[in-house]
Amino acid sequence: MSNARIARHTVAALAILAVWASSKPATADSYPSGKITIVVAFAPGGFADTMARVVAQGLGERLHQNVVVENHSGAGGNIGAEIVAHAKPDGYTLLVTTTALAINETLFEKKQFSAHDLKTVAMTASSPESLVTSPDNPAKNLPDFIKAMKGKTINFGSAGVGTGSHIEAEYFFKFLAKAPAQHIPFQGGAPAVNAAIGNQIDILAATLGGAVAAQLTAGKLKGLGIAAEKRDPIVPNVPTYAEQGFPNFTAASWVGIFAPAKTDPHILETLNGAINQVLKNQEVQTKLIALGFDPIVESQGQADAMFNNEITKWGGMVKALNLSVN
């Protein structure tokens, strides 16, 4: 064989090898060696976005790489989730999303990805769902409120159809309190909170953390109950559902970080460890707790197990309520 033909065959073989190597999932040997992109499935300004930027800064410092945040909102978080579900599983494209990812697995009849196309990297923080009302409402707790509304349909508001707050509250009224209730959806949390403050709805279903905790502390809203195992230190006067005769029911909204499903397990562990270091930072913990969120520091396996349990839990409520989005 001539030297020219040998050279051509060698170049061709190297090209094939390069394509084969680039198609393989990235390994932990050289990770990370470039920019990491965090896709937030919601608009800027919300808690998911805030958490993503806290994590991005901490990851950049610990992994010595540039970490950027991109917002791809819409379809209840499905647009951003789909982008990451179909991304190359190399650890350089991550998703920050909320409980919506677990809910949407059952709620949406048609979407272009499955939750199983993603792998949990870490759960970062959670906050219990709550039921709150105007300070003008004379009810001191949930039994008082339900008794006062007997014979009437309860108008409860939330940040939108299919949110965790909507599903949790509708399930509570239908199956636990056995009280007739009508859902009033708003276009986001802020207008829902304002409607409750203005006494335009009977009661508001909302995640405790963030705006609701702040309004409760300021006395602009009254807390009737939280769907948690114990009272929250930020609003210690608000009782749990269990304390009021509704045991064995909890519901919380969380923010989690995900990667494409076929990402190398060692890369997932690297990311999980770095994110946990961010969450262990005292300044970060203090900020989260002040907002009404509980920091979560778990192994990658524990986080993945939690997410799968959430799919089952929220899916059960969605099915019981016969809710669906085409």
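Angles between axes under 35 degrees count as roughly parallel, over 145 as roughly antiparallel, 65 to 115 as roughly perpendicular and the rest as oblique. Helices H2 and H9 pack at about 110°, and they are therefore roughly perpendicular. This is a predicted model, in which local features need pLDDT of at least 70 and side-chain atom pairs count only at pLDDT 80 or more, while totals for chains, interfaces and linings use all residues. Residues are numbered from 1 along each chain as its sequence is written, and side-chain values use heavy atoms, without hydrogens or water.

**Helix packing**
- H2 spans residues 47–63 and H9 spans residues 265–280. Helices (H or I, at least four residues) and strands (E, at least two) are DSSP runs, numbered from the N terminus.
- The axes of H2 and H9 lie 9 Å apart. Axes are lines fitted to C-alpha atoms, for helices over the stretch in contact, and angles run from 0 to 180 degrees between N-to-C directions.
- In H2, the residues meeting H9 include Met 51, Val 54 and Leu 59. Their partners in H9 include Leu 271, Ala 274 and Val 278. Contact means heavy atoms within 4.5 Å.
- The H2–H9 contact has 10 nonpolar, three polar and one charged residue. Ala, Val, Leu, Ile, Met, Phe, Trp, Tyr, Cys and Pro count as nonpolar, Asp, Glu, Lys and Arg as charged, and the others, Gly among them, as polar.

- The largest pocket has a volume of about 1,200 Å³. Of its 47 lining residues, Thr 98, Ala 159, Thr 163, Gly 189 and Thr 207 are closest to the centre.
- On a 1 Å grid over the protein atoms alone, a pocket is an open set of points with protein on both sides within 12 Å along at least five of seven lines; a cavity is a set where a 1.4 Å probe fits but cannot get out; lining residues have an atom within 4 Å of a point.
- Grid points are joined across faces, edges and corners, and a volume is the space filled by probe spheres set on the points.
- H7 gives the largest share of the largest pocket's lining, five residues. By class, that lining has 25 nonpolar, 20 polar and two charged residues.
- The second largest pocket has a volume of about 510 Å³. Its lining has 13 nonpolar, three polar and eight charged residues.

**Cavity**
- The structure holds one cavity of 30 Å³ or more.
- Asp 232, Ile 289 and Phe 293 are among the residues lining the largest cavity.
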